[in-house]
Amino acid sequence: MPQRRIVTGRSQEPRQRFAEELRQLRTSRGDSLRQLGERMGWDWSLFGKMEKGDTLGGPEVVQALDQYYGTPGLLLALWELAAGDHTQFRERYRRYMALEAEAVSLWHFAVSVLPGLLQTPGYAREVLAAGGSRGAELEQQIKARIGRQELLDGEASPPFRTILAEAVLRTPLQDEGEWRAQLACLAEVAERENVTVQVLPQRAGVHGLVATDVWFLRLTDGRPVAYTENAHEGELIEENTRIERLQRAYDVVRDKAMSPAESRKFILRMLEESPCDP
């Protein structure tokens, strides 16, 4: 069978195609990013990030762009395809990512690394590079990871609770500036209504999740799923008995953790103590 002929020469990858269409429509109209921002009433840097593929933006922004460019429904349809595309993630994560996108609530526990939903680009770069990602693959995985954070934006975003072992905050990045930026970002995110951040102090001792990063998702049909992960592999768990066992261990960890208010003070104290350039 002959290969399908590519007519436009534009990307067939949904997220990249969306970014290309945005850039094409703006340049065809003769607008600069700043002019577009002024006319649309949004910060122009948002449109720059959307055109680079760093973020998809929210549906309300895309609907406004459809109206501005006279493309009713086109950009929103491309946005939906891009938001639902999980091929940007490594294959072993895709099933989990599809479920995460439809979850109505999320709980998480971190042993040594911040969850991707709360990572800055600098933090993500160092963690992914340590895991072996290089070159174009590294850049793609950074964009995919930061793009996931749109899940927590907007009025319809699901509640998210993360409990961070103290070791997570005691393991800085090599770049001190990037580490300070990450701590500041974490303190800021902890103030959101839909995000709860708690710190599990080292003095809490041994517990049932001492060597396990775990996610719990509650899906739209009320069904729970869990996902456990280490540096080399992850496992999606849908068996109720195993999920219940993990949930009991999580409840113990939550009881031992600092309150959200105490945890934010701890993060701010870590930020104050972090070295900075003179």
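Helix H8 has eight residues listed here as buried: Leu-138, Gln-141, Ile-142, Ala-144, Arg-145, Ile-146, Gly-147 and Arg-148. The model is predicted. Its chain holds 12 helices and 6 strands, and 45% of its 278 residues are buried.

- Helix H8 covers residues 135–148, a run of 14 residues.
- At 1.5 Å a residue, helix H8 should span 20 Å, and its end C-alpha atoms lie 21 Å apart, which agrees.
- Helix H7 covers residues 121–130, and its buried residues are Gly-122, Tyr-123, Ala-124 and Leu-128.

- Met-97 belongs to helix H6, which covers residues 94–102.
- Met-97 has a relative accessible area of 7%, and it counts as buried because that value is under 20%.
- Arg-148, one of the buried residues of H8, is 51 residues from Met-97 in sequence.
- In space, the C-alpha atoms of Met-97 and Arg-148 are 8.7 Å apart.

**Leu-246 in helix H11**

- Leu-246 lies in helix H11, made up of residues 240–256.
- The relative accessibility of Leu-246 is 15%, so this residue also falls under the 20% limit and counts as buried.
- Beyond its neighbours within four places in sequence, Leu-246 is in contact with Leu-209, Val-214, Phe-216, Ala-226, Thr-228 and Ile-237.
- Thr-212 is 34 residues from Leu-246 along the chain, and their C-alpha atoms are separated by 9.8 Å.

**Ser-274 after helix H12**

- Ser-274 sits in the segment that follows helix H12, which covers 260–273.
- Ser-274 is buried, and its relative accessible area is 7%.
- With neighbours within four places in sequence left aside, the contacts of Ser-274 are Trp-179, Arg-180 and Leu-183.

**The cavity**

- The model has 1 cavity of 30 Å³ or more.
- The volume of the largest cavity is about 30 Å³.
- Its lining consists of Leu-22, Leu-36, Phe-47, Met-50, Glu-51 and Leu-65.
- By type, the lining residues of the largest cavity divide into 5 nonpolar and 1 charged, with no polar residue.
- Helix H3, residues 44–52, gives the most to this lining, with 3 residues.

**The chain as a whole**

- Of the contacts in the chain with a separation of 6 or more, 69% are between residues 24 or more positions apart.
- The chain exposes about 15,000 Å², and carbon and sulfur atoms supply 50% of that area.

Key: Residues are numbered from 1 along each chain as its sequence is written. This is a predicted model: local features need pLDDT of at least 70, side-chain atom pairs count only at pLDDT 80 or more; totals for chains, interfaces and linings use all residues. Side-chain values use heavy atoms; hydrogens and water are left out. Helices (H or I, at least four residues) and strands (E, at least two) are DSSP runs, numbered from the N terminus. The expected span of a helix is 1.5 Å times one less than its number of residues. Buried means under 20% relative accessible area, exposed over 50%, partly exposed in between (1.4 Å probe, protein chains only). On a 1 Å grid over the protein atoms alone, a cavity is a set of points where a 1.4 Å probe fits but cannot get out, and a pocket is an open set with protein on both sides within 12 Å along at least five of seven lines; lining residues have an atom within 4 Å of a point. Grid points are joined across faces, edges and corners, and a volume is the space filled by probe spheres set on the points. Ala, Val, Leu, Ile, Met, Phe, Trp, Tyr, Cys and Pro count as nonpolar, Asp, Glu, Lys and Arg as charged, and the others, Gly among them, as polar. Contact means heavy atoms within 4.5 Å. Accessible areas come from the Shrake-Rupley method with a 1.4 Å probe; for residues, only the protein chains shown count as cover.
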